[in-house]
Amino acid sequence: IEDVLSGAGVARLYEALAGTSDSHHPANAIFARVASDPVAAVTVQLLSRLLGRVAGDLALATAAWDGVYLCGSVAQGWAAVGDVAAFRAEFERKGAMHARMALVPVHVISASEPALLGLSYASAESD
């Protein structure tokens, strides 16, 4: 999973689709070129489906009925240009569990330091 759903993984996916081994394609640059680079657009489309499938599998495996939270720079970059409908279709496509999965919300954490933010709330609650 990490081989694809990471910054380096997005770059490898782009390079495989482009038929190049040039490793100068950081994920944020690929996301920025979606409108002007057909390979970047296909990369993001495929990433949307893969991310949805994996997130849905993990949500189902862990019974995360209250929601799934995507975080990190890849999730934030993808959220700005990704195909949310394709993501959602793959997220929910779980056979007999489709109806249940359709009720699971998915959010992208946009805080720059979500762990520190969470710790600040935990500290305030323990006082």
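The structure is a predicted model, in which local features need pLDDT of at least 70, side-chain atom pairs count only at pLDDT 80 or more, and totals for chains, interfaces and linings use all residues. Residues are numbered from 1 along each chain as its sequence is written, and side-chain values use heavy atoms, with hydrogens and water left out.

The chain holds seven helices and two strands. Both kinds of element are DSSP runs numbered from the N terminus (helices: H or I, at least four residues; strands: E, at least two). Read from the N terminus, their order is α-α-α-β-α-α-α-β-α. Along the principal axes, the C-alpha atoms fill a box of roughly 55 × 40 × 25 Å. The chain has 127 residues, and 32% of them count as buried. Buried means under 20% relative accessible area, exposed means over 50%, and partly exposed lies in between (1.4 Å probe, protein chains only). Contacts, meaning heavy atoms within 4.5 Å, were also sorted by sequence distance. Among those between residues at least 6 apart in sequence, 61% join residues at least 24 apart.

Helix α3 covers residues 38-62. Its 25 residues should span 36 Å at 1.5 Å a residue, and the end C-alpha atoms are 36 Å apart, so the two values agree. The expected span is 1.5 Å times one less than the number of residues. The buried residues of α3 are A40, T43, V44, L47, S48, L51, G52, V54, A55, G56 and A59. Their cover includes α1, α2 (27-32), β1 (68-70), α4 (73-81), α5 (84-92) and α6 (98-102).

Helix α1 (residues 7-18) packs on α3 at an angle of about 125°, with the axes 9 Å apart. Axes are lines fitted to C-alpha atoms, for helices over the stretch in contact, and angles run from 0 to 180 degrees between N-to-C directions. This angle makes α1 oblique to α3. Under 35 degrees counts as roughly parallel, over 145 as roughly antiparallel, 65 to 115 as roughly perpendicular, and the rest as oblique. On the α1 side, the contact is made by V10, L13, Y14, L17 and A18. On the α3 side, V39, A40, V42, T43, L46 and L47 take part. These residues divide into ten nonpolar, one polar and no charged. Here Ala, Val, Leu, Ile, Met, Phe, Trp, Tyr, Cys and Pro count as nonpolar, Asp, Glu, Lys and Arg as charged, and the others, Gly among them, as polar.

The axes of α3 and α5 come within 7 Å and cross at roughly 30°. That makes α3 roughly parallel to α5. Helix α3 brings Q45, S48, R49, L51, G52, R53, A55, G56 and A59 to this contact, while α5 brings A86, F87, E90 and F91. The division here is six nonpolar, four polar and three charged.

Two loop residues were also examined. H25 lies in the loop between α1 and α2. It counts as buried because its relative accessibility is 11%. Leaving aside neighbours within four places in sequence, H25 is in contact with A11, Y14, E15, I30 and R33. P105 sits in the loop between α6 and β2 (106-108). With a relative accessible area of 29%, P105 is partly exposed. Not counting residues up to four places away in sequence, P105 touches W65, D66, G67, V68 and R88. The C-alpha atoms of P105 and D57 are separated by 14 Å, and these residues are 48 apart along the chain.
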